[in-house]
Amino acid sequence: MKIVVLDGYTLNPGDLSWKAVEAFGDLEVHDRTAFDHDTIIKHIGEAEMVLTNKTPLPKAVLEKAPNLKYISVLATGYNVIDIIAAKDLGIVVSNVPVYGTQAVGGSLLWRLF
């Protein structure tokens, strides 16, 4: 499986290893992807899985990624993904539902007490 990370620097500025992700397939990490459709489409290429944080994936891009089966937004929310287009194209989209939960919860508790 080909896995592409579109904005690796926002996810891992160099202090973490991508080895765990590499175990699932052929990994290609782009530190940054310009927010223009041609560059995004070029970086996705033949990928079946895309990991993103900030790089937008609108309908026009998703339609040009015929092998894409799964998108993971490595944060909360889906605002960078056209989820209606993804659904129509049979692409599964997920996010990280508990991203920052401990940090936010700890911060809130600290303020309460």
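Is Glu 28 buried, partly exposed or exposed, and what is its relative accessibility? Glu 28 counts as partly exposed, because its relative accessibility is 28%; the classes are set at under 20% relative accessible area for buried and over 50% for exposed, with partly exposed in between (1.4 Å probe, protein chains only).

The structure is a predicted model, in which local features need pLDDT of at least 70 and side-chain atom pairs count only at pLDDT 80 or more, whereas totals for chains, interfaces and linings use all residues. Residues are numbered from 1 along each chain as its sequence is written, and side-chain values use heavy atoms, with hydrogens and water left out.

The protein chain contains 6 helices and 5 strands, taken as DSSP runs numbered from the N terminus (helices: H or I, at least four residues; strands: E, at least two). Along the sequence, these elements follow the pattern β-α-α-β-α-β-α-β-α-β-α. Of the 113 residues, 35% count as buried. Among contacts (heavy atoms within 4.5 Å) between residues at least 6 apart in sequence, 39% join residues at least 24 apart.

The 5 strands form an open sheet with parallel pairing, in the order β2-β1-β3-β4-β5; two strands pair if DSSP finds at least two bridges between them. Strands β2 (26-29) and β5 (92-95) stand at the edges with a single partner strand each, so one side of each is left without a neighbour in the sheet. Within the sheet, strands β3 (residues 49-52) and β4 (residues 70-73) run parallel and are joined by 4 bridges. Thr 52 has Val 73 of β4 as its bridge partner.

A search of the whole structure finds 2 salt bridges, defined by a side-chain nitrogen of Lys or Arg within 4 Å of a carboxyl oxygen of Asp or Glu. One joins Lys 2 and Glu 28, at 3.4 Å from N to O. Lys 2 lies in strand β1 and Glu 28 in strand β2, so this pair ties together parts that are 26 residues apart in sequence. In the salt bridge between Lys 59 and Glu 63, the closest N and O atoms are 4.0 Å apart. Lys 59 counts as partly exposed at 44% relative accessibility, as does Glu 63 at 48%.

Asp 7 is located in the loop between β1 (2-5) and α1 (8-11). Asp 7 is buried yet has no salt bridge, and the nearest side chain of opposite charge, Lys 54, is 7.3 Å away; in this assignment Lys and Arg count as positive and Asp and Glu as negative, while His and the chain ends are not counted. Beyond its neighbours within four places in sequence, Asp 7 is in contact with residues including His 30, Arg 32, Leu 51 and Thr 55.
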